[in-house]
Amino acid sequence: MENDLSNYRKTYNKGELLLENAPENPLELFQKWFFEVDKYFSEDENNAMTISTIGLDGFPKSRVVLLKKFTYEGFIFYTNYNSEKGKAIAKNPNVCLSFFWHGAERQVIIKGKAEKIAPNLSDGYFESRPIGSQLGALASNQSEVVPDRAFLEEKLKALEHEYEGKAIERPKYWGGYIVKPVELEFWQGRPNRLHDRIRYQIQTDYNWKIERLSP
């Protein structure tokens, strides 16, 4: 099988990112970009991000998860701690996050260290989830092999019966991570493939080195 994609071409002309306009703190630029994308561009799930980890088998693996909160400290998402990604983070907390907002012709790549958030914060988010999502966390031993889909659906049905009219407690194996960034790169598509790339690298808790990269 052979598919030639060499004629796939796109002209980028929706914005610019100049070094002289870059704020000193990259989290401020991320917030600006995120809110602009949310307001002006018709993206589907603007908070969808790719997280890459180094697996127990030594291979990198990427998958899409949903960003649920970001602060000056970092980026928070939730998952099963016993999942493939959870086990990978436990062994090697160095991860990479990436956002691609095609409507705005923007990309953000974030290197950082992932660590579990406080249990009470995970409790609070779990309680805010729809009941179906809460039960789904109980029903799924994420990343484990199952015989078929019917197995999962029957398990969910049994849990719906078990917890009917009852509060659902967050399972201890499910919760949040915060990725504390050490490097952020902002990419803005530009004409003639001369894209804008601005990289921030952490120097101290409050200072970032800012550089422009060649596309």
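Which residue lies over the face of Y81, and how far is it from the ring centre?

A: K116 lies over the face of Y81, at 4.2 Å from the ring centre. A charge sits over a ring when NZ of Lys or CZ of Arg is within 6 Å of the ring centre and within 35 degrees of the ring normal. The model is predicted, and local features need pLDDT of at least 70, side-chain atom pairs count only at pLDDT 80 or more, and totals for chains, interfaces and linings use all residues. Residues are numbered from 1 along each chain as its sequence is written, and side-chain values use heavy atoms, with hydrogens and water left out.

Other aromatic rings set the context. The whole structure holds 20 aromatic pairs, where Phe, Tyr and Trp rings (for Trp, the six-membered one) have centres within 6.5 Å, and planes under 30 degrees apart count as stacked, over 60 as edge-to-face and the rest as tilted. Y12 and W187 make an edge-to-face pair, at 5.6 Å centre to centre and 85° between the planes. This pair links distant parts of the chain, since Y12 is in the segment before α1 and W187 is in strand β7, 175 residues apart. Helices (H or I, at least four residues) and strands (E, at least two) are DSSP runs numbered from the N terminus. Y12 and W187 are both buried, that is, under 20% relative accessible area, with exposed over 50% and partly exposed in between (1.4 Å probe, protein chains only).

F35 and F70 form a tilted pair, with 6.5 Å centre to centre and 45° between the planes. Because F35 lies in helix α1 and F70 in strand β3 (residues 69-70), the pair ties together parts that are 35 residues apart in sequence. F35 is partly exposed, with a relative accessible area of 46%. One aromatic cluster takes in F30, F34, F35, F70, F75, F99 and W101.

Apart from neighbours within four places in sequence, F99 is in contact (heavy atoms within 4.5 Å) with residues including F30, A48, M49, L67, V108 and I110.

F41 sits in the loop between α1 and β1 and counts as partly exposed, at 24% relative accessibility. Not counting residues up to four places away in sequence, F41 touches K14, E36, G103 and A104.

For the chain overall, the secondary structure comes to 5 helices and 9 strands. Of its 215 residues, 37% count as buried. Among contacts with a separation of 6 or more, 63% join residues 24 or more positions apart. The C-alpha trace spans about 60 × 50 × 40 Å along its principal axes.
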